[in-house]
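Here is a short briefing on one protein model. Look through the structure first, then read the points below.

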Amino acid sequence: MIEIKPIEELKACGDKVVIAGPCSAESEEQLLLTATQLSKIGINIFRAGIWKPRTRPHTFEGIGDIGLEWLSSIKRETGMKCAIEVANPHHVEKALKAGIDILWLGARTTASPFAMQEIANSLKGTDIPVLVKNPINPDIELWIGALERLSLVGVSKLAAIHRGFSTYGDTTYRNTPIWEIANELHNKIPQLPILCDPSHIGGSRELILPIARKAMEGVYSGLFVESHCNPDKALSDSRQQITPDRLSEILKNLNINL
Ligand code: PEP
Ligand code: MN
């Protein structure tokens, strides 16, 4: 039995939750410009990766600890809440110390029971909200297991993120959505909010709207989207990031009023 408590930060978003921000924090200017533009369109939870789990080495692996300071100034200057990915207990310790509001666990982390258990142990005694992405492989037990590990140490402000599943070869999607798995998760744990990440599912800007539309017809409480002030220049996941202006258009199209 997983005890789920409501996440105030998500409730404050209104009807639908929209968490947006760049794949990676790259520079103080990029972060602040993106956050300011997102705040203007009504987003109040900002996401940014500080430590990036990249598939191959020799790619941008995140700006590291300095990004936490940038996020603190964004919180001060815009009043937005900030969410980052944590992948080990050191990340957790630094995020908590920096006053980060929400943590998320990436797809590769959810897929690893050892990593999940270490992270859960490091969160014992805290009540920070944690968003758990689906594991890269379509295994609902692994997804639930990650949630259970957190629940067992007393973390109860939980939500899930559907970001699609890895497949081999050319497919329409970067990570194929398996809506049935998220539906099953919803049936098993109805109080658990589920967000959809159309950026990592689609892997391209054009697919964000149709994927988000499909999600909004389903069990989802909202969206977790990558948005960058200058997507073409992004250091990671450039093809799937949209400008805050484009995000605003998409939200209008979906009748999501922030
Ligand atoms: C991300 O959100 O930038 C990320 C790395 O996501 P995922 O864990 O879904 O690949
Ligand atoms: Mn990304």
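**Briefing: backbone, rings and charge**

Asp237 counts as buried, because its relative accessibility is 17%. Buried means under 20% relative accessible area, exposed means over 50%, and partly exposed lies in between (1.4 Å probe, protein chains only). This is a predicted model: local features need pLDDT of at least 70, side-chain atom pairs count only at pLDDT 80 or more, and totals for chains, interfaces and linings use all residues. Residues are numbered from 1 along each chain as its sequence is written, chains are lettered from A and ligands numbered from 1 in the order in which they are written, and side-chain values use heavy atoms, with hydrogens and water left out.

**Positive phi**

- Most residues other than glycine have a negative phi.
- Asp237 has a positive phi, near 45 degrees, and is not a glycine.
- Asp237 sits in the loop between E8 and helix H11 (244-253).
- Helices (H or I, at least four residues) and strands (E, at least two) are DSSP runs, numbered from the N terminus.
- Asn255 is not a glycine either, and its phi is positive at about 60 degrees.
- Asn255 belongs to the segment after H11.
- Asn255 is exposed, with a relative accessible area of 64%.

**Aromatic pairs**

- How many aromatic pairs does a search of the whole structure find? It finds 2.
- Trp104 and Phe224 form an edge-to-face pair, 5.1 Å centre to centre with 80 degrees between the planes.
- Rings of Phe, Tyr and Trp (its six-membered ring) pair if their centres lie within 6.5 Å; planes under 30 degrees apart count as stacked, over 60 as edge-to-face and the rest as tilted.
- Trp104 lies in strand E4 (residues 102-105) and Phe224 in strand E8 (residues 222-226), so this pair ties together parts 120 residues apart in sequence.
- Trp104 and Phe224 are both buried.
- Trp179 and Tyr220 also pair edge-to-face, at 5.8 Å centre to centre and 85 degrees between the planes.
- Trp179 is in helix H8 (residues 179-188) and Tyr220 in the loop between helix H10 (205-216) and E8, so the pair ties together parts 41 residues apart in sequence.
- Trp179 and Tyr220 are buried.

**Negative patch**

- Glu28, Glu29, Glu69 and Glu77 form a negative surface patch.
- Helix H2 (28-40) and helix H3 (66-78) each supply at least two of the patch residues.
- Patch residues have over 30% relative accessible area and no salt bridge, and like charges are joined within 9 Å.
- A salt bridge is a side-chain nitrogen of Lys or Arg within 4 Å of a carboxyl oxygen of Asp or Glu.
- Glu28 lies in helix H2 and is partly exposed, with a relative accessible area of 38%.

Key: Patch = residues over 30% accessible without salt bridge, like charges linked within 9 Å, V, L, I, M, F, W, Y side chains within 5 Å. Areas by Shrake-Rupley, 256 points an atom, 1.4 Å probe, with all protein chains shown as cover. Lys, Arg positive; Asp, Glu negative; His and termini not counted. Charge placed at Lys NZ, Arg CZ, Asp CG, Glu CD.
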